[in-house]
Amino acid sequence: MYLKAINLKGFKSFPDRTRLTFSPGVSVIVGPNGSGKSNITDAVLWALGEQSPTAIRGQQMRDVIFAGGNGQSPRRFAEVEVVIDNSEGRAASEFSEISISRRIERNGDGEYRLNGARCRLVDIVEALSDTNMGREMHSVISQGRVEAIVNSKPRERRMLIEEAAGLGKHRKRRHRAQLKLERTRQN
């Protein structure tokens, strides 16, 4: 399983439709300062469901929409599609490719799509839970995050390693089950 392609339109420094295609084994994006490397990382995290604007270097979620510049007018929306190769069948899907897309309009309206069908964020999180991919799975580590990982406390590092090993989904399921039990007790 690997990241096969990213399609961006109106996202940060990518005003026009841009497609980036990756081969198996690509693990790093390299380029000069100002070329958009961090914006590519932000796009993947955002499409996979990142909810914190500061995690993708913004103040509000609408900051991901291209604001205009160099003779280009501002865009009305931002859209990112992440295509994941699933030919090995690691994800719980009958598709050999999994397409996850996210769109946000200037007015704040947005949507997620899983293989073209409109869905909720929880559907995307569940689809990616067995793949070690997703916004919390640490499959995408930005340049500034490496130093934070090295300097993190032992508990934080342990959490990171557990997430990378795929244990996070079990912790989340357990937490949801505990919340349901607590609601049942209160009821």
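**Entry 1**

I began with β4 and β5, which run antiparallel and are joined by five bridges. I took two strands as paired if DSSP finds at least two bridges between them. For helices (H or I, at least four residues) and strands (E, at least two) I used DSSP runs, numbered from the N terminus. The model is a predicted one, in which I required pLDDT of at least 70 for local features and pLDDT 80 or more for side-chain atom pairs, while totals for chains, interfaces and linings use all residues. I number residues from 1 along each chain as its sequence is written, and side-chain values use heavy atoms, without hydrogens and water.

I then looked at the turn of the β4 and β5 hairpin. Four residues lie between the strands, and G108 in that turn has a positive phi of about 100°. Within the pair, S101 stands opposite R113 in β5.

R113 also stands opposite R118 in β6. I found β5 and β6 antiparallel, with three bridges joining them. Their hairpin has two residues between the strands, and N115 takes a positive phi near 50° there.

**Entry 2: N86**

I looked up N86 in the loop between β3 (77-85) and β4 (97-105). Is N86 buried or exposed? N86 is buried, with a relative accessible area of 3%. I count a residue as buried under 20% relative accessible area, exposed over 50% and partly exposed in between (1.4 Å probe, protein chains only).

I listed the contacts of N86 next, where contact means heavy atoms within 4.5 Å. With neighbours within four places in sequence set aside, N86 touches M1, A91, S93, F95, S96, E97 and I98.

**Entry 3: helix α2**

I checked which residues of α2 (residues 121-128) are buried, and they are L121, I124 and L128. Seen down the helix axis, these buried residues fall within an arc of 60°, so they line one face of α2. The arc is that of the directions from the helix axis to the C-beta atoms. An α-helix has 3.6 residues a turn, so residues three or four places apart point the same way. The cover over the buried residues of α2 includes β3, β4, β5 (110-114) and β6 (117-119).

**Entry 4: the whole chain**

I counted five helices and six strands in the protein chain. From the N terminus on, I read the order as β-β-α-β-β-β-β-α-α-α-α. Of the 187 residues, 36% count as buried. Among contacts with a separation of 6 or more, 53% are between residues 24 or more positions apart.
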